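Hi,

Here is the structure I promised to pass on. Have a look at it first, and then read my notes below.

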Amino acid sequence: MNRTEFLSLGGFPLLLALTAMTQHDIEPETFLFKDDGKIPNSKYPLLLYRKAFQATGSAGALGLEEHFAANNWTNSWRNGVFTYHHYHSTTHEVLGVYSGSALLQLGGEKGEKVRVQAGDIVVIPAGVGHKKLESSADFGVVGAYPDGRNYDTLRGEPGERPQADKNIAAVPLPATDPFLGKRGGLGDFWKE
């Protein structure tokens, strides 16, 4: 099976190299974090797809934006990850690493340190803490949100909850996985 997708950009073929896999071809690593008193985390696991795509740099970023949008994860941006613990109470988030590598702290202070690199995709449920501990100079990610939802940035400060908990409980489950679409992924792991 040829796993390379070609997209057209202004009439020129763009070798995207997002792997056209089924749910049986790739299984995400899963991470489940408990509420630590500051960071609420989630009943849904964070999903990490390793080596999900091959294109890097601006071609990789564009490919991620288009691929996420095709799966209805929009309101995208390009940058890095904040160097402080934070979470979003109003939406889930996907991060696609298109350049470099980083060591992330996931789930708050009591969470896990996880190394990510170009080609990895991280699907973060609403409420799950994340922070960049270190990175290569060229580290870059594309972030996006299901249905183009707006996001907030909370830091586990006193007074954020219980409103943050109410917000998180009201965030709907996405209809599609940002990487696999309707073929699996969060649809298999995030159940009511």
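Let me start with Thr83, which sits in the loop between strand 5 and strand 6 (helices, H or I with at least four residues, and strands, E with at least two, are DSSP runs numbered from the N terminus). Before going on, the housekeeping: this is a predicted model, where local features need pLDDT of at least 70 and side-chain atom pairs count only at pLDDT 80 or more, while totals for chains, interfaces and linings use all residues. Residues are numbered from 1 along each chain as its sequence is written, and side-chain values use heavy atoms, with hydrogens and water left out.

Back to Thr83: with 51% relative accessibility, Thr83 counts as exposed (buried is under 20% relative accessible area, exposed is over 50%, partly exposed is in between, with a 1.4 Å probe and protein chains only). Leaving aside residues up to four places away in sequence, Thr83 touches Lys131 and Lys132 (contact means heavy atoms within 4.5 Å). Thr83 and Glu134 are 51 residues apart along the chain, yet 8.2 Å separates their C-alpha atoms.

Glu134 brings me to the salt bridges. There are 6 in the structure, each a side-chain nitrogen of Lys or Arg within 4 Å of a carboxyl oxygen of Asp or Glu. In one of them the side chains of Glu134 and Arg115 meet at 2.8 Å, N to O. Arg115 belongs to strand 8 (residues 112-117) and Glu134 to strand 10 (residues 130-135), so this pair ties together parts 19 residues apart in sequence. Both ends are partly exposed: Arg115 has a relative accessible area of 37%, and Glu134 has 42%.

Another bridge joins Glu29 and Arg50, also given as 2.8 Å, N to O. Glu29 is in strand 3 and Arg50 in the loop between strand 4 and helix 1, 21 residues apart. Glu29 is partly exposed at 31%, and Arg50 is partly exposed at 30%.

What about Arg78 and Glu65: how far apart are their closest N and O atoms? The answer is 2.6 Å, in a salt bridge that links Arg78 in strand 5 to Glu65 in helix 1, 13 residues apart. Arg78 is partly exposed at 39%, whereas Glu65 is buried at 18%.

Now helix 1 itself. Residues 57-70 make up its 14 residues, and the 20 Å from first C-alpha to last is close to the 20 Å expected at 1.5 Å a residue (the expected span is 1.5 Å times one less than the number of residues). Its buried residues are Gly60, Ala61, Gly63, Leu64, Glu65, His67 and Phe68. They pack against strand 5 (73-79), strand 6 (93-99), strand 9 (121-124) and strand 11 (140-146). After the helix comes Asn72, with a positive phi near 65°.

Last, the rings. The structure holds 5 aromatic pairs (Phe, Tyr and Trp rings, the six-membered one for Trp, with centres within 6.5 Å; planes under 30 degrees apart are stacked, over 60 edge-to-face, the rest tilted). One of them is the stacked pair of Tyr44 and Trp190, 5.5 Å centre to centre with 25° between the planes. Tyr44 is in the loop between strand 3 (29-31) and strand 4 (46-49), and Trp190 is in the segment after helix 3 (186-189), 146 residues apart. Tyr44 and Trp190 are both buried.

Cheers
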